[in-house]
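Here are a few notes to read alongside the coordinates.

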Amino acid sequence: MKNIATFHTHLGALDFFNGLKNLGDEAAELVPAPRQLSVSCGTAVCFSKPYDEASMANEDLIQVYQIEASGKYKLIRDEL
């Protein structure tokens, strides 16, 4: 399973990426945010670990989506 997270700032994306690496997610990568996802900074993080609010908390996080096999995005976390 792959997920993608969007952020308010580049620094927030970098902090989240580094946190994922510390959690052992070697598949995590910084990527340009897909156009169909509304983002502020244009940077997103793809990752393979299941999203966990407690261990992946980040104040710049906007949304987390699960990337479905069809290539569509399923919203699993929203900052609201």
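Before we start, a word on terms: contact here means heavy atoms within 4.5 Å, and angles run from 0 to 180 degrees between N-to-C directions, with axes fitted to C-alpha atoms. Please also keep in mind that this is a predicted model.

1. Let's begin with how the helix sits on the sheet. Helix α1 lies across β1, β2 and β3, and its direction makes an angle of about 15° with β3. The packing is done by the buried residues of α1, which pack against β1 (2-7), β2 (29-32) and β3.

2. Which residues of α1 are buried? They are Gly12, Ala13, Phe16, Phe17 and Leu20. Because they cover an arc of only 135° around the axis, they fall on the same side of α1. The general rule behind such patterns is that an α-helix has 3.6 residues a turn, so residues three or four places apart point the same way. On the other side of α1 you will find Leu11 and Asn22, which are exposed.

3. α1 spans residues 10-22, a total of 13 residues, and extends 18 Å from its first C-alpha to its last, close to the 18 Å expected at 1.5 Å a residue. Just after α1 comes glycine 24, with a positive phi of about 90°.

4. Now for the sheet. It is open, has 5 strands in the order β2-β3-β1-β4-β5, and its pairing is antiparallel. β2 and β5 (73-78) are at the edges with a single partner strand each, so one side of each has no neighbour in the sheet. From one strand to the next, the twist averages 30°.

5. The antiparallel strands β4 and β5 are joined by 5 bridges. Opposite leucine 75 in β5 stands tyrosine 65.

6. Finally, I would look at asparagine 58, in the loop between β3 (43-47) and β4 (61-67). Why does asparagine 58 count as buried? Its relative accessibility is 16%, and the cut-off for buried is under 20%. A polar atom of the asparagine 58 side chain lies 2.8 Å from the backbone nitrogen of aspartate 60. Beyond its neighbours within four places in sequence, asparagine 58 is in contact with Phe7, Gly12, Asp15 and Phe16.

Notes
Residues numbered from 1 in each chain as written. Predicted model: local features only at pLDDT ≥ 70, side-chain atom pairs only at ≥ 80, totals over all residues. Heavy atoms only, no water. Helix = DSSP H or I, 4+ residues; strand = E, 2+ residues; numbered from the N terminus. Buried < 20%, exposed > 50% of the residue type's maximum accessible area, 1.4 Å probe, protein only. Polar contact = N/O pair within 3.5 Å; in protein donor to acceptor, adjacent residues only side chain to side chain. Expected span 1.5 Å × (residues − 1). Arc of directions from axis to C-beta. Pairing = 2+ DSSP bridges.
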